[in-house]
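Subject: The structure, with notes

Hi there,

Here is the structure I promised to pass on to you. Please open it alongside this email, and then read on for what turned up.

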Amino acid sequence: MLTLLQSTFPAVPITADIVEGSSQLTDNFKALVAKTTNLQKIPFAWYIMHSEDYERQVKEKGDMKTFDFIHMIHMIYYVDNLADTIKFYHSLLKNNGSVMIIIGADNSGWDVLWKTYTKELCVGAITEWRSSGEVISCLKSQGLKYEEHVIPNTLDITECFNPSSQTGQCLLNFFTIKDNFYQSFTPEIRAGILDLLRNKCSSKKDSRVFFNNNVCCILYMLPFDQKFSIFSCC
């Protein structure tokens with residue numbers, strides 16, 4: 001994304017602030033920057049903390065740095081309060097700023113799975129499942145105009161239905177955010193999830209099962225100024 005902005009606006013200076021709760025993912029990001037020559041010209045500020053902690057820190061310091069562009073990619077699932085989060089980051093926009101939120105699409109396989117098994121799945125890092133529908137409702141309630149772009153995507157999950165498949169087990173762990181799918185649920189819940197994945201979350205073609213992995217890009221934006229300050233909330 002930063003490389004694209006640089007190539008599109010080569011004369012415009014860019015700064016970037018990164019908020020990420022995982023030190024490992026932050027280190028991975030820094031490693032990519034270190035080996036990408038053009039990114040080494042960008043001043044980065046790194047905040048290894050969760051979104052709510054960053055919000056609290058900003059408000060306590062009274063240091064309301066504003067940004068031209070803020071992106072939140074697959075992070076809305078993890079915040080405690082969706083409305084407060086959107087309101088806070090909107091307050092960090094410059095008058096001509098833009099926000100991009102990428103999240104699982106309404107009625108995607110993820111949405112169907114997690115809303116059907118909310119009680120069993122929303123017990124860890126994600127305590128309340130959200131898809132694009134919840135985000136759009138929140139934007140509307142705050143009077144924010146937006147654009148919605150659904151990005152079609154499928155994932156072959158046929159291996160999920162082979163109990164001896166290591167790939168299938170990894171996929172099931174991924175879908176449910178568990179270390180071990182088969183040890184985390186009762187036989188009845190496991191059977192129900194597998195049935196849902198096959199018949200409600202996916203389509204079939206040539207005896208393969210393709211999971212509906214659609215995502216949604218939601219934008220509320222105005223024209224850019226001739227200087228970019230980028231905020232990445234991961």
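Is Trp46 buried, partly exposed or exposed? Trp46 counts as partly exposed, because its relative accessibility is 25%. Here buried means under 20% relative accessible area, exposed means over 50%, and partly exposed is in between (1.4 Å probe, protein chains only).

Before going further, please note that this is a predicted model, in which local features need pLDDT of at least 70 and side-chain atom pairs count only at pLDDT 80 or more, while totals for chains, interfaces and linings use all residues. Residues are numbered from 1 along each chain as its sequence is written, and side-chain values use heavy atoms, with hydrogens and water left out.

**Overall picture**

The protein has ten helices and ten strands. These are DSSP runs numbered from the N terminus: helices are H or I with at least four residues, and strands are E with at least two. Along the principal axes, the C-alpha atoms fill a box of roughly 55 × 40 × 35 Å. Of the 234 residues, 44% are buried. If you look at contacts (heavy atoms within 4.5 Å) with a separation of 6 or more, 77% are between residues 24 or more positions apart.

**Aromatic pairs**

There are 16 aromatic pairs in the structure. Rings of Phe, Tyr and Trp (its six-membered ring) pair if their centres lie within 6.5 Å; planes under 30 degrees apart count as stacked, over 60 as edge-to-face and the rest as tilted. Trp46 belongs to a stacked pair with Phe44, at 5.1 Å centre to centre and with 15° between the planes.

Tyr47 and Tyr54 make an edge-to-face pair, 5.2 Å centre to centre with 70° between the planes. Tyr47 is partly exposed at 23% relative accessible area, whereas Tyr54 counts as buried at 4%. Ring pairs also join Tyr47 and Tyr54 with Phe88 and Tyr89 in a cluster.

**Leu92**

Leu92 counts as buried because its relative accessibility is 0%. Neighbours within four places in sequence aside, Leu92 is in contact with Tyr54, Met64, Lys65, Thr66, Phe67 and Ile70. Thr66 is 26 residues away from Leu92 along the chain, yet their C-alpha atoms are separated by 4.5 Å.

**Two helix pairs**

Two packed helices are described by the angle between their axes and the distance between the axes. The axes are lines fitted to C-alpha atoms, for helices over the stretch in contact, and the angles run from 0 to 180 degrees between N-to-C directions.

Helices α5 (residues 109-116) and α10 (residues 187-199) pack at about 155°, with axes 10 Å apart. That angle makes α5 roughly antiparallel to α10; the classes are roughly parallel under 35 degrees, roughly antiparallel over 145, roughly perpendicular from 65 to 115, and oblique for the rest. In this contact, Val112, Leu113 and Thr116 of α5 meet Ile193, Leu196 and Leu197 of α10. By class, that gives five nonpolar, one polar and no charged residues. Ala, Val, Leu, Ile, Met, Phe, Trp, Tyr, Cys and Pro count as nonpolar, Asp, Glu, Lys and Arg as charged, and the others, Gly among them, as polar.

Helices α4 and α7 pack at about 60°, with their axes 10 Å apart. α4 is therefore oblique to α7. Leu82, Ala83 and Ile86 of α4 make the contact with Glu134, Val135, Cys138 and Leu139 of α7. The classes here are six nonpolar, no polar and one charged. In α7 (residues 132-141), the buried residues are Ser132, Gly133, Val135, Ile136, Cys138 and Leu139, and these pack against α4, β4, β5 (147-151) and β9 (215-220).

**Two backbone spots**

Most residues other than glycine have a negative phi. Asp206, in the loop between β7 (202-205) and β8, has a positive phi near 55°, and Asp206 is exposed, with a relative accessible area of 65%. Ile177 also has a positive phi, near 50°, and is partly exposed at 46%.
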